[in-house]
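Student: I would like a close look at a single part of this predicted model. Please go through it in order and keep to what can be read from the coordinates.

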Amino acid sequence: MTPIRTLAILAALGAATPALAEGDVAKGEKLFKKCKACHMIVNGDEVIFKGGKTGPNLYGVVGRAAASIEGFKYGKSLAAAGEAGLVWDEEQIAKYVTDPKAYLKEILDDGGAKSSMSFRLKKGGEDIAAYLASVSPAMAAAEGEATEEAVEEPKTETETTD
Ligand code: HEC
């Protein structure tokens, strides 16, 4: 991965479309029926949504680096996007599922980019993304961190040695 390509990706991500409409978790859960042929949502032994193995486990996908499930054979283009720093957030997932190949072409700035996911979701990308975020503990953790940062510990170095 050349630094130039990395920059191109970051630029593409930065110039993202205007804020998406808020997704509806319940609608997204219903829509996931379209994804389960290829994707499961499994946290260790806990099966959140039973599904196939053609695609990677989508538990915790929001906040996770793209193409980072070990042992899953990702396509070259998605792997390249992951190496270049793509981390899934709701907005990126909503765009990706609408047309994975076009999405990869755009963010990699590579007309020859390919996707191993042949499926396209015509409507409801935001809802699916909201649902996936609801099964992604990294999101909760990130929010926690943000609050911690805001509360700076006061320096108390007043030693009272009598
Ligand atoms: C026909 C099978 C199939 C269907 C249906 C399908 N996917 Fe996928 N999905 C895949 C495959 C295969 C990949 C890996 C793509 C690659 O390597 O290019 C993938 C990758 C993904 C990724 C990236 C995961 C990662 O670890 O980086 C997300 C997110 C995703 N799919 C979401 C969805 C959602 C949401 C739906 C339903 C709307 C869906 N997919 C439907 C096969 C499918």
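At what angle do the axes of helix 4 and helix 6 cross, and within what distance do they come?

Tutor: The axes of helix 4 and helix 6 (residues 125-134) cross at roughly 130° and come within 8 Å. Angles over 145 degrees would count as roughly antiparallel, and 65 to 115 as roughly perpendicular. Helix 4 and helix 6 are therefore oblique to each other. Their crossing is right-handed. On the side of helix 4, the contact is made by E90, I93, A94, K95, V97 and T98. Helix 6 contributes G125, E126, I128, A129, A130, L132 and A133. Sorted by class, the contact of helix 4 with helix 6 has eight nonpolar residues, two polar ones and three charged ones.

Spanning residues 90-98, helix 4 supplies three residues to the shell around the ligand, the largest share. The shell holds 27 residues, of which C35, C38, G55, G75 and M117 come nearest to the ligand. By class, 19 residues of this shell are nonpolar, seven are polar and one is charged.

Helix 3 (residues 76-83) packs with helix 5 (residues 100-108) at an angle of about 45°, and their axes are 10 Å apart. Helix 3 and helix 5 are therefore oblique to each other as well. The crossing of helix 3 and helix 5 is left-handed, whereas that of helix 4 and helix 6 is right-handed. Helix 3 makes the contact through S77, L78, A80 and A81, and helix 5 through L104, I107 and L108. Six residues in the contact of helix 3 with helix 5 are nonpolar and one is polar, with no charged residues; the contact of helix 4 with helix 6, by contrast, has three charged residues.

Strand 1 (residues 41-43) pairs with strand 2 (residues 46-49) in the antiparallel sense, over three bridges. Within this pairing, V42 is opposite V47 of strand 2. Two residues lie between the strands of the hairpin, and G44 has a positive phi near 60°.

To return to the part you asked about: helix 4 packs obliquely with helix 6, in a right-handed crossing, and gives the shell around the ligand three residues.

Conventions. Residues are numbered from 1 along each chain as its sequence is written. This is a predicted model: local features need pLDDT of at least 70, side-chain atom pairs count only at pLDDT 80 or more; totals for chains, interfaces and linings use all residues. Axes are lines fitted to C-alpha atoms, for helices over the stretch in contact, and angles run from 0 to 180 degrees between N-to-C directions. Helices (H or I, at least four residues) and strands (E, at least two) are DSSP runs, numbered from the N terminus. Angles under 35 degrees count as roughly parallel, over 145 as roughly antiparallel, 65 to 115 as roughly perpendicular and the rest as oblique. A crossing is left-handed if the near helix is turned anticlockwise from the far one by less than a right angle, and right-handed if clockwise. Two residues are in contact if their C-beta atoms, placed from the backbone, lie within 7 Å. Ala, Val, Leu, Ile, Met, Phe, Trp, Tyr, Cys and Pro count as nonpolar, Asp, Glu, Lys and Arg as charged, and the others, Gly among them, as polar. A residue is near a molecule or strand if its C-beta atom, placed from the backbone, lies within 6 Å of it. Two strands pair if DSSP finds at least two bridges between them.
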